[in-house]
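I opened this model to look up its core, its sheet and the helices around it. The entries follow in the order in which I made them.

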Amino acid sequence: MDIRAFFALALPGSVARWLADYADTLCQYDKQIEVDWVDAESYHLTLCFLGEISLEQVDQLEDIARNKLSDVRSFQVRINTAQYYPVSKQLSVIAAMSQEDEELNSLNRAMMEIALEAGIEFKEEDFKPHITLGRLPARNQFVPPDDWPALDLFSLADSVILFQSKPGERGSIYTPLFKIPLQDMA
């Protein structure tokens, strides 16, 4: 049996609430009402989308990730931009993200290396770590603003989670499969 999975960082409730308010301000740009806005309790910062993986690969990913992340220290992620982001030929997202955060990019690369070591092949050519605020079909009439509303907040990256993603009535349902804590900043 295969499952759909991805690596992500959890977001504290206060950050999710702030981002939900921010997403509300972006609704004014959804003139054709094409965006499926994500519920705040589903917000997470996606590090690496794996696609379909086997249950055996889940155990392998956990073993490899525990080993490779054992010395990685927690850090603050600055979330300071929003973008219209074409994810695939079928899907685009409106996402909050970090501009040029080297620690976040390093963790993203580490997660891709872990996946490759577990034998998972995926296409991540233009992938950027991001928080999906809304989804819409790749072919749409959404016109991104020239100047996005200001966004500037911080979230602690203190653990990496492998999530399973299942389609649900009101969007995807995310189930944590394992969590790997990062070393304390102190």
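Entry 1, the core. I took a nonpolar core to be a set of buried Ala, Val, Leu, Ile, Met, Phe, Trp, Tyr and Cys residues joined through side-chain atoms within 4.5 Å. The model is predicted. Its largest nonpolar core has 51 residues, and those with the most contacts inside this core are F7, L19, Y43, L50 and L61. Helix α1, residues 13–26, gives the largest share of the core, 7 residues. In soluble globular proteins, nonpolar side chains tend to be buried together.

I then listed the contacts of F7, leaving aside its neighbours within four places in sequence. Among them are L45, L47, L50, L61, M111, I114, V160, L162 and F178.

Entry 2, the sheet. In which order do the strands of the open sheet run? I found 4 strands in the order β3-β1-β9-β10, with antiparallel pairing. The edge strands, β3 (44–54) and β10 (171–181), each pair on one side only. On average, neighbouring strands are turned by 30° against each other, direction ignored.

For the pair of β1 (residues 2–10) and β3, I noted 9 bridges in the antiparallel sense. D2 stands opposite S54 in β3.

I checked the span of α3: its 16 residues reach 22 Å from first C-alpha to last, close to the 22 Å expected at 1.5 Å a residue. Buried residues in α3 include L104, L107, N108, M111 and I114. The buried residues of this helix pack against β1, β3, α2, β4 (75–79) and β9. At the start of α3, a side-chain oxygen of D101 comes to within 3.1 Å of the backbone nitrogen of E103. Just after α3, G119 has a positive phi of about 85°.

I located Q57 in helix α2, residues 55–68. Is Q57 buried or exposed? Q57 counts as buried because its relative accessible area is 17%, and the cut-off for buried is under 20%. The side chain of Q57 reaches the backbone nitrogen of S54 at 2.9 Å. Leaving aside neighbours within four places in sequence, I found Q57 in contact with A118, G119 and I120. Of these, G119 is the residue noted above for its positive phi.

Conventions: Residues numbered from 1 in each chain as written. Predicted model: local features only at pLDDT ≥ 70, side-chain atom pairs only at ≥ 80, totals over all residues. Heavy atoms only, no water. Buried < 20%, exposed > 50% of the residue type's maximum accessible area, 1.4 Å probe, protein only. Polar contact = N/O pair within 3.5 Å; in protein donor to acceptor, adjacent residues only side chain to side chain. Contact = heavy atoms within 4.5 Å. Pairing = 2+ DSSP bridges. Axes fitted to C-alpha atoms, helices over the stretch in contact; angles between N-to-C directions. Expected span 1.5 Å × (residues − 1).
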